[in-house]
Amino acid sequence: NRLTVIGRLTNSTVQKPRAVIDFMAQVWNLEGRIEGRVLGLDKFQIKFRTEEDLLQVLEKGPYHYKRWMLLLQRWEPTVSDQFPSNISFNVKIHGIPLQYWSEGTILTIGQELGCCVIRDVKEAKIWVEVNGLQPLVMKMEIELPTDDITEVEFEYIKIEKHCFTCFSLLHEEADCLQRHQNSLTPKDRILGITQIIALHRIEAEKRSHE
């Protein structure tokens, strides 16, 4: 299992493990060079021929199928139902005061989300691994050296469908237990940066299909 990746669907009603395996082989341009098998209704395993192919695939994520994200994690010797749970995103941090804009500040904020590395200091962009089974953190209050409190916002790059109420990757907003019955639709309320970009992308695809 050393050269395998375990995957989890985030929406098994529209995603199917076998279809995902076949589709990702084309996306990765690795047709005939990977072997996949279904591990249940929402999990699958993909075996690579080389370490290089495996690492390259993980580095270029995240991935989605039918607009819902996929959780891909390198195999570990565990029997936990929570595995795999991790997903990696390029995240851009908005709202850092210019006088505190530094590599140290960016890294400190990023580590509050999860294991991360800095990709671009000028853009405040990080690569971070988060728990995809938990709602994503979209905003965070930070304390400055002056003891003032300010808020930063996270832009999750390449994210697709997710709940715009609780920010879970696992359900539609209409199915969210935290959504109030009389809540406005996403189009009619103020959204965060990540949701605005995702909504524009989803609507653009709908228009192209029409």
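Helix 4 (residues 193–209) buries Thr194, Gln195, Ala198, Leu199, Ile202 and Glu203, where buried means under 20% relative accessible area and exposed over 50%, with partly exposed in between (1.4 Å probe, protein chains only). Seen down the axis, those residues fall within an arc of 150°, so they line one face of the helix; the arc is taken over directions from the helix axis to the C-beta atoms. Bear in mind that this is a predicted model, with local features needing pLDDT of at least 70, side-chain atom pairs counting only at pLDDT 80 or more, and totals for chains, interfaces and linings using all residues. Numbering runs from 1 along each chain as its sequence is written, and side-chain values use heavy atoms, leaving out hydrogens and water.

**Helix 4**
- On its other side, His200, Arg207 and Ser208 are exposed.
- The buried residues of helix 4 pack against strand 10 (contact: heavy atoms within 4.5 Å; helices are DSSP runs of H or I, at least four residues, and strands runs of E, at least two, numbered from the N terminus).

**Helix 1**
- Pro17, Val20, Ile21, Met24 and Ala25 are its buried residues.
- They sit on the same side of helix 1, because they cover an arc of only 135° around the axis.

Note on methods: Expected span 1.5 Å × (residues − 1).
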